[in-house]
Amino acid sequence: MSAQQIRDFNSASLADDPNLYRIDDFPQEMSGDQVVALIDKVSRPASSPRFFADGNDVVASDYAEFDEAVQRDRVPELVPVRWGVVVARASMRSYPTHARVLKSVEDRDLDRFQETGVFPGQRLAILHESADGQWWFAVNYHYAAWLPKSAVAIGEREQINQWFNRSPRLTVTGAQVRTNFNPEEARTSQVLLDMGVSLPLLSAAEVGHNVHGQNPHASYIVSLPVRSDSGALEFEPTLVGRGQDVTVGHLSYRPSLVLQQAFKFLGERYGWGHDYNGRDCTGFVGEVYKSFGLLMPRNSGQQGKGEYAPTKRFAEGDQTAREAALAELSVGDLIYIPGHVMMYLGEVDGEPFVIHDVTGLSYYTENAGAAGDESHFYRGTLSGVSVTPLTPLHLSREKSFVEAIYAIKTII
């Protein structure tokens, strides 16, 4: 794909996919009912039991407190949209709280109030604030949820868009890099930048040969969004060493580089919704493709069921079609099963291999008897970006990953 084809791909996705938001075309104001509807998508009680990290049940009174923090009754009939830029990696949450809420006491890794992550440079449409004044309810290009005000700087829409559309830009192509240490300006010192983050490049002719005490000769100079003491948006020239894993523009989109990018996450701990300073299965896939400039929906179901790329779909029980599709896979293809996405790598001795960010690992051992023989069913933990064969893996004792595939996408 050329740069123009990637722009066209994103434009089509943003125009057609209901799970993506065109920040460029976002309205200047929204009705209160529209805003409440967005809030209600994430800020709602679970339909099954939930537990706090200390093991206590989440009860009706707890949800009442969370809802009080949301203060739906303070959403006006007409909401003027404010505009912001993310200045530090942060979490988007179901409710304006850092409280960890679990589906089971034993499963402490998956915080069910964790929705997704945001990263420096992402634009936000800001719609509402929490009762304590510490959280914004905001929309980025693929999600709407709560995030801490401390991670956001507020600016004028035109100012933000001019900065966002400025080129050339520096793209982070490593799993994570940091800006240079800076003893003079703490807001720009060792700021964490994840794969796919893109920032405008500046020149020494613009900013001089002394950037907060360092000559930029061996570094890239970027325009980094920062937050003033009052929460206002400012931009500071910031250095990123040339030895860091970054590139000017985006990477050239070809299979060998897709795999190279994927393997940069190998071994990283699984983080539901970008928790644990990591990412989950869709975060992993999304960041890999963002380094080429390609944007995707947030959740695996939204990706797998979406129409943003050529997709093969499979009826329940149609194993013939699945097996034929597996024989025709291309490197980098995305394979979807309920709640999970994997990236195809290639074959070894006829066995398809995938790389994915995965929590559990289940399969029947080689000496298994009849299918369903529980004594030979292994269930373990990976909790990280891993390379595995595809066909032995099981979603449950009764159903293999291959039997559960409902979509395969080729990103072209």
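This is a short walk through one protein chain, from its overall dimensions to a few individual residues.

The model is predicted, so local features need pLDDT of at least 70 and side-chain atom pairs count only at pLDDT 80 or more, while totals for chains, interfaces and linings use all residues. Residues are numbered from 1 along each chain as its sequence is written, and side-chain values use heavy atoms, with hydrogens and water left out.

Overall dimensions to begin with. The protein chain has 10 helices and 24 strands; helices are DSSP runs of H or I with at least four residues, strands are runs of E with at least two, and both are numbered from the N terminus. The C-alpha atoms fill a box of roughly 70 × 55 × 40 Å along the principal axes. The radius of gyration is 22 Å, which agrees with the value near 22 Å for a compact globule of 412 residues. That radius is taken over C-alpha atoms, and the globule rule is 2.2 Å times the number of residues to the power 0.38.

Next, surface and burial. The chain exposes about 18,200 Å², and carbon and sulfur atoms supply 50% of that area. Accessible areas come from the Shrake-Rupley method with a 1.4 Å probe, and for residues only the protein chains shown count as cover. Of the 412 residues, 54% count as buried. Buried means under 20% relative accessible area, exposed means over 50%, and partly exposed lies in between, with a 1.4 Å probe and protein chains only.

On contacts, residues 24 or more positions apart account for 67% of those with a separation of 6 or more. A contact here is heavy atoms within 4.5 Å.

Charges are quick. There are 37 positive and 52 negative side chains, and the centres of the two sets lie 3 Å apart. Lys and Arg count as positive, Asp and Glu as negative, and His and the chain ends are not counted. Each charge is placed at NZ of Lys, CZ of Arg, CG of Asp or CD of Glu.

Now the interior. In soluble globular proteins, nonpolar side chains tend to be buried together. The largest nonpolar core in this chain has 62 residues, and F26, L38, L127, F137, V139 and L147 have the most contacts inside it. A nonpolar core is a set of buried Ala, Val, Leu, Ile, Met, Phe, Trp, Tyr and Cys residues joined through side-chain atoms within 4.5 Å. Which residues does V139 touch? Not counting residues up to four places away in sequence, V139 touches Y21, I23, F26, L38, R123, L124, A125, L127 and A144.

A309 sits in the loop between α8 (300-305) and β19 (311-313). A309 counts as buried because its relative accessibility is 7%. A309 and F9 are 300 residues apart in sequence, yet their C-alpha atoms are 8.4 Å apart. Beyond four places in sequence, A309 touches F9, K409, T410 and I411.

Helix α6 is next. In α6, the residues L257, V258, L259, Q261 and A262 are buried. The buried residues of α6 pack against α7, β21 (340-348) and β22 (351-364).

K264 is in the loop between α6 (255-263) and α7 (281-290). With 26% relative accessibility, K264 counts as partly exposed. Neighbours within four places aside, K264 is in contact with T173, G174, A175, M195 and D245.

Another loop residue is T97, between β5 (90-93) and β6 (101-102). T97 is buried, at a relative accessible area of 15%. Setting aside residues up to four places away, T97 touches F66, F113 and W135.

Finally, backbone geometry. Most residues other than glycine have a negative phi, and most peptide bonds are trans. S167 and P168 are joined by a cis peptide bond, with omega about 0°. P168 lies in the loop between α4 (157-164) and β12 (169-172).

Where does Q190 lie? Q190 is in the loop between β13 (176-178) and β14 (192-194), and its phi is near 50°, a positive value. Q190 counts as partly exposed, at 41% relative accessibility. S383 also has a positive phi, near 50°, but S383 is found in strand β23 (residues 377-389). Is S383 buried or exposed? S383 counts as buried, because its relative accessibility is 15%.
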